[in-house]
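Load the structure in a viewer and keep the selection panel open. The stops below give what to select and what is found there.

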Amino acid sequence: MDKEQFQKLVDYVTSPDAYFTYPKVLFSEGFESWTNRTSLAQALRRNRIQDLNPVLELYHSVVNEPVADPIDINTKIMVYWDLSSCIWKAEQDGDKAIHYLDLAIELAESIETHVLTLAKGQLWFNRWQLLSFSNRAKQAIMEADQKIAEHQPGLPGNSYLHYAYLFKAEILKETDIDTALEFLYKALQYFPDEHNNLDRLEELWMNRESDKEKTFTEIEKLTHFTVCWDIPDSFWSSI
């Protein structure tokens, strides 16, 4: 991609005709800025373009950029994370998609949880999903079980435990709804308290026999991404 192509795409995402119009100031530093190229890739994704090649090209142009500042580290993690998703969607290449997700995990694991935008457990959850999509579900389950063992005992706010149990629930819901519900119930035990309706969870759990599949769906609705996984990593090494 060159400056002219970059500008054409910027014009598109900043136009009133875009599905989601972005402010021009977001791209004011131009093509030479790796963060502006990242912002453009994210803007194209949000505008739901069907051809992911420009997004892939923009993301690939920034993967080797060095980062040190917490904001830049978060940006780089998001790049790896979304690049992984784009590769799977566009190419169905599990190994390649997992490679970039692993880079996101490696970078996220190198810093404290409280400065992260994405939960570490969520990154692992996406890795396990990709393994499952790539016919390696058994490996994914083993890794989830390992994360559960590593992070016991657990408290609310532990994203590793939440997402490990959530993955185990998701992978079993079509074949063993009873066990899937048990895992989903456990997953909610590690969701941050201040963002979780525990009374509603208990109500659903007590009445699960009436419609197990519907109960699973309703319990899933109690989880969402806008939460604060704020237990410091240093806490787990102290217990």
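This is a predicted model: local features need pLDDT of at least 70, side-chain atom pairs count only at pLDDT 80 or more; totals for chains, interfaces and linings use all residues.

A residue counts as buried under 20% relative accessible area, as exposed over 50%, and as partly exposed in between.

**Arg45 and Asp82**

Select Arg45 and Asp82 and show their side chains, which meet in a salt bridge at 2.8 Å, N to O. The two residues lie 37 apart in the chain, Arg45 in helix α2 (residues 34–46) and Asp82 in helix α4 (residues 70–91), and the pair thus links distant parts of the chain. Because its relative accessible area is 24%, Arg45 is partly exposed. Asp82 has 12% relative accessibility and therefore counts as buried. Side chains of opposite charge can pair when their charged atoms come close. How many salt bridges does a search of the whole structure find? The search finds 14.

**Arg136 and Asp95**

Next, select Arg136 and Asp95, whose side chains form a salt bridge at 3.0 Å, N to O. Here too distant parts of the chain are linked: Arg136 is in the loop between α6 (120–133) and α7 (137–150), while Asp95 is in helix α5 (residues 94–109), 41 residues apart. Arg136 is at 27% relative accessibility, so it counts as partly exposed. Asp95, with a relative accessible area of 54%, is exposed.

**Along α5**

**Leu118**

Continue to the loop between α5 and α6 and select Leu118. Is Leu118 buried or exposed? At 9% relative accessibility, Leu118 counts as buried. Setting aside neighbours within four places in sequence, its contacts are Asn74, Ile77, Met78, Trp81 and Leu123. For one of these, draw a distance between C-alpha atoms: Leu118 and Asn74 are 44 residues apart along the chain, and their C-alpha atoms are separated by 7.9 Å.

**α7 against α8**

Select α7 and α8 together. Their axes are 9 Å apart and the helices pack at an angle of about 150°, with α7 passing α8 in a left-handed crossing. On the α7 side, show Ala137, Ala140, Ile141, Ala144, Asp145, Lys147 and Ile148; these meet Tyr160, Leu161, Ala164, Tyr165, Phe167, Lys168 and Ile171 in α8. By type, the residues of this contact of α7 with α8 are 11 nonpolar, no polar and 3 charged.

**Asp145 and Lys168**

Stay with these two helices for the last stop, and select Asp145 and Lys168. Their side chains meet in a salt bridge at 2.7 Å, N to O. The pair links distant parts of the chain, with Asp145 in helix α7 and Lys168 in helix α8 (residues 159–172), 23 residues apart. Asp145 is at 34% relative accessibility and so counts as partly exposed, whereas Lys168, with a relative accessible area of 9%, is buried.

Methods:
Residues are numbered from 1 along each chain as its sequence is written. Side-chain values use heavy atoms; hydrogens and water are left out. A salt bridge is a side-chain nitrogen of Lys or Arg within 4 Å of a carboxyl oxygen of Asp or Glu. Helices (H or I, at least four residues) and strands (E, at least two) are DSSP runs, numbered from the N terminus. Buried means under 20% relative accessible area, exposed over 50%, partly exposed in between (1.4 Å probe, protein chains only). Axes are lines fitted to C-alpha atoms, for helices over the stretch in contact, and angles run from 0 to 180 degrees between N-to-C directions. A crossing is left-handed if the near helix is turned anticlockwise from the far one by less than a right angle, and right-handed if clockwise. Contact means heavy atoms within 4.5 Å. Ala, Val, Leu, Ile, Met, Phe, Trp, Tyr, Cys and Pro count as nonpolar, Asp, Glu, Lys and Arg as charged, and the others, Gly among them, as polar.
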